[in-house]
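Reader: I'm new to this one. Can you put it up and take me through it?
Author: Here it is.

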Amino acid sequence: MRVLLLLTLLLSGACYAKQLTIAIGEYPPFSGKKLEQQGIVPRIIRAAFASEGYMVKFVFMPWGRSFKAAKSGRYDAAAYWFCTPKRKQDFYCSEPLYYEATYFYFNKRKPLETWSSLEDLQGFNIGATTGYSYTAQFWQLAKQKKLKVDSVTSDLQNLKKLVKGRIDLFPMATIPASHLIKQHFSREEAEQIAFNSKPLLTQSSHLLFLKKSANSKHLLASFNRGLENIKRSGLYEVILNSAGPVEVSSNRYIFLK
C-alpha cells in the first residue's frame, strides 16, 4: 500500500516537477537506453528525485565521456560511480544507490583456479572497461606493467574478447555479466565463461554532484532525502529485486550471485 501511495504521488506531481539532466552510461540491466524505463538505477534515481519534486532526463554516452561531460558542468549530476578519493576532489557523493561485488571472469580454456593478491595474476592478459575504477592497486600495477591490462570501451567487447581467447580475465559484477551473456552469446559460448569466487572488490555506487556547481549541495540533500523516502515506502527494494535477489544487511542492499 505504501508503495502504491508513493507511486500515485510521484505520477500526480510529474507535470509540476523541475527538470534535471544526468549523464549516464550503459550497464545492463542496471542502466541502458533501450531497457524498460532505462534500467534499475534510472528508476531509483527518478523515484528518489520525484519524491522531492524533480523530473530527470538521462543522457546516455560511453562511460568515460559521461564522466568528463559531468565534470565540465554540462549536467546536473553523473550517474553512477564508485566514490573514490580522486572523484571526491571534484564531486559530492550521494548516499549509496546499491552495493555489488566484482569478480574475475575467465575462459575455461585458461581457468583462474585461485588467487590471493593481484600480483598472482601477472601471467594473465586482463581486460578492462575504459572509465571504470576497479581498485587503485589494479591500475597502479597496470601502470607499472606488473599486470597486463587492455582497456576497451564496453563490457560486451571484453566478454567477446574473453570468449575468443584474446584476453584471459575480465573483472565484472555478476548481474550485468549474466545479462550480457544471455543476450549476446550462444549456449556453447556461455558455457565457456565462468568466474572465480573470490571478489576483486565489493563496492557501492553513487550519484555524483559537481562541487563547483552552485546548486549541487541542494540537489545532493534533495536526492538523499528522496532515496530515504523510497526506502521507507518499500519502492526501493521492489526496484532492486527486479534485477535479481538482494541481501539486506545493516541497511546495505547487496546483489547476490
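Reader: Which residues lie nearest the centre of the largest cavity?
Author: Tyr27, Phe82, Glu100, Tyr132 and Ser133 do, out of a lining of 17 residues. Keep in mind that this is a predicted model.

Reader: How much space lies in there?
Author: The largest cavity holds about 230 Å³.

Reader: And how many cavities of 30 Å³ or more does the count come to?
Author: One.

Reader: What's the lining like by class?
Author: Eleven of the lining residues are nonpolar, four are polar and two are charged.

Reader: Which strands each supply at least two residues of that lining?
Author: β3 (77-81), β5 (98-107) and β8 (169-173).

Reader: Let's stay with β3. Mostly covered or mostly open?
Author: Mostly covered: five of the five residues in β3 are buried.

Reader: Which strand pairs with β3 in the parallel sense?
Author: That is β1, residues 18-24, and the pairing runs over two bridges. Within it, isoleucine 22 of the structure sits opposite alanine 77 in β3.

Reader: And in the antiparallel sense? Which strand is it, and over how many bridges?
Author: β9, residues 193-210, pairs with β3 that way, over three bridges.

Reader: What's the bridge partner of alanine 78 there?
Author: Leucine 208, in β9.

Reader: Side chains in a strand, where do they go in general?
Author: In a regular strand they alternate between the two faces of the sheet.

Technical notes. Residues numbered from 1 in each chain as written. Predicted model: local features only at pLDDT ≥ 70, side-chain atom pairs only at ≥ 80, totals over all residues. Heavy atoms only, no water. 1 Å grid on protein atoms, 1.4 Å probe; cavity = no way out; pocket = protein on both sides within 12 Å on 5 of 7 lines; lining within 4 Å. Points joined across faces, edges and corners; volume = space filled by probe spheres on them. Helix = DSSP H or I, 4+ residues; strand = E, 2+ residues; numbered from the N terminus. Nonpolar A, V, L, I, M, F, W, Y, C, P; charged D, E, K, R; others polar. Buried < 20%, exposed > 50% of the residue type's maximum accessible area, 1.4 Å probe, protein only. Pairing = 2+ DSSP bridges.
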